[in-house]
Amino acid sequence: MQVSENSVNNTASLKNLKGFDANHPPDPKLIDTCVHCGFCLATCPSYRVIGKEMDSPRGRIYLMDAINKGEIALNTASVQHFDSCLGCLACVTTCPSGVQYDKLISATRHQVERNYPRSLSDRLIRKLIFSLFPNPDALRILLVPLLVYQKLGFSKFFRATGLLKNISPRLAAMESILPKITLKSFQDNLPDVIPAQGKKRYRVGVILGCVQRLFFSPVNEATVRVLTANGCEVVIPKSQGCCAALPEHQGQTEQAKALARQMIDSFAKTGVDFVIINAAGCGHTLKEYGHILEDDPEYREKAKEFAAKVRDAQEFLATVGLTAKLSPLTEKPLSLVYQDACHLLHGQKISVQPRQLLQQIPRVKLKEPLDAAICCGSAGVYNLLQPEVAEELGKQKVRNLLNTGADLIASPNPGCTLQISKHLSLQGKEIPIMHPMELLDYSIRGIKLQQ
Ligand code: SF4
Ligand code: SF4
């Protein structure tokens, strides 16, 4: 198949096309592994919603190849097809030829950010996102005016009237996923070292995340309690910052590298056996540090060693086994549906472990939703940058979760939790949504859920 010159290259002449630079363009050897069979199209959420070949994995691989060969330009028309990719990696799971689309799109995103001049409004919104989200201290300062904003009822007003959507769909998208800010968002009260309960089995580090520590601090507290109850001494270095997931996924090369170095340094002298993370997107990036810092002679080896120690909390607990006793969460059987986060399912191939852990809780009955492997539309900040596609995917995801008839949704990623909560509320449904670590914590502590 030929990439249509008109569709992607309507402004540039064939001479002097602006394309990728020489710094790690998408690898032609990886591109050549694609046999163009199209199996990946059925599981690609952007193709499902937009319905165009160029918004599918196969189409984007054609584009990368054509840009590499100087046949088309890196311009507005081609970049919009890369931007529409959620980075969910469902195509990597589906592809029978083992095409490493994750590496291809990652290389492409870094190229786009270096070589494509975005519009002023796009630059501004990205600047806002990249200066705030990977910076929990800055985000915490912003929580003060946001708390006032919510208390004065502006949030309810904008959500009810849809006024903000007419001004800026992206700002409206940002506003619509803002969770309720509580006093807990201003506290950082986990100590540096928390001893294991009973016989110590492991010494583990815990990464707090950015969104997780501000908006979902009970999930971090629950994770620490579950780990200590299962014989882990927990270390939480206060110098840790952002894991770099957000800048890495959006092609912000230097910011991602700086954050990865800071994270490695913060755990350097802790002597931990493993580094535990309870957020899917962060875990995937932490395991990629060897790749992110491959060109850094000082950090290359340290990054590989660090990445080898990273474990998702559920992956870790399912491997080492639970030693703490679990009690039922409810008097009657509790049916719950586990929401597969893409960066766990496709990025880290973790799907059995969370289900195994949840099924160890007495009286829990697990339900499976339709299209469990399709992204909910959150995808890092995708729902802020591409709100229309994200809206449709959020709607579909919530419909499928509700159709299981489950009493509760278990979600292992803060982005998915925010997206699903938003669409539950838009569909007028109230169903609790909790992290699997919270459910295990309740079960260990004998706390009952309301039914
Ligand atoms: S990425 Fe894989 S599944 Fe998709 S077209 Fe290429 S070879 Fe086929
Ligand atoms: S990462 Fe997800 S959205 Fe992007 S091409 Fe693959 S399946 Fe489609």
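**Entry on α16 and α19**

I began with helices α16 and α19, which are roughly perpendicular to each other because of the angle between them; the word covers 65 to 115 degrees, while under 35 is roughly parallel, over 145 roughly antiparallel and the rest oblique. The model is a predicted one, in which local features need pLDDT of at least 70 and side-chain atom pairs count only at pLDDT 80 or more, whereas totals for chains, interfaces and linings use all residues. Residues are numbered from 1 along each chain as its sequence is written, and chains are lettered from A and ligands numbered from 1 in the order in which they are written.

I looked up the geometry of the pair: α16 (residues 253–267) and α19 (residues 300–309) pack at about 70 degrees, with axes 10 Å apart. Axes are fitted to C-alpha atoms, for helices over the stretch in contact, and angles run from 0 to 180 degrees between N-to-C directions. Helices are DSSP runs of H or I with at least four residues, and strands are E runs of at least two, numbered from the N terminus.

The crossing of α16 past α19 is left-handed (the near helix is turned anticlockwise from the far one by less than a right angle; clockwise is right-handed). A260, I264 and F267 of α16 make the contact with K302, A303 and F306 of α19, contact being C-beta atoms, placed from the backbone, within 7 Å. I sorted these residues of α16 and α19 into five nonpolar, no polar and one charged (nonpolar: Ala, Val, Leu, Ile, Met, Phe, Trp, Tyr, Cys and Pro; charged: Asp, Glu, Lys and Arg; polar: the others, Gly among them).

**Entry on α14 and α26**

Next I turned to helix α14 (residues 217–229) and helix α26 (residues 436–445), whose axes come within 8 Å and cross at roughly 55 degrees. That angle is why α14 counts as oblique to α26, and I noted that their crossing is left-handed. On the α14 side the contact includes P218, V219 and A222, and on the α26 side it includes M437, E438 and L440. By class, the contact of α14 with α26 holds eight nonpolar, one polar and three charged residues.

**Entry on α4 and α5**

For α4 and helix α5 (residues 76–83) I noted an angle of about 140 degrees, with the axes 10 Å apart. This makes α4 oblique to α5, and α4 passes α5 in a left-handed crossing. G59, R60, L63 and I67 of α4 meet S78, H81 and F82 of α5, and this contact of α4 with α5 has three nonpolar, three polar and one charged residues.

**Entry on the ligands**

**Entry on the domains**

Last, I looked up how the chain is divided, and found domain 1 (5–115), domain 2 (120–185), domain 3 (188–320) and domain 4 (334–445), with bounds from an automatic or database domain assignment. The C-alpha centres of domain 2 and domain 4 lie 23 Å apart, and their contact takes nine residues from domain 2 and eight from domain 4. Helix α12 (residues 169–176) gives the most to the side of domain 2 that touches domain 4, with five residues; by class, that side of domain 2 has seven nonpolar, one polar and one charged residues.

Conventions: Contact = placed C-beta atoms within 7 Å.
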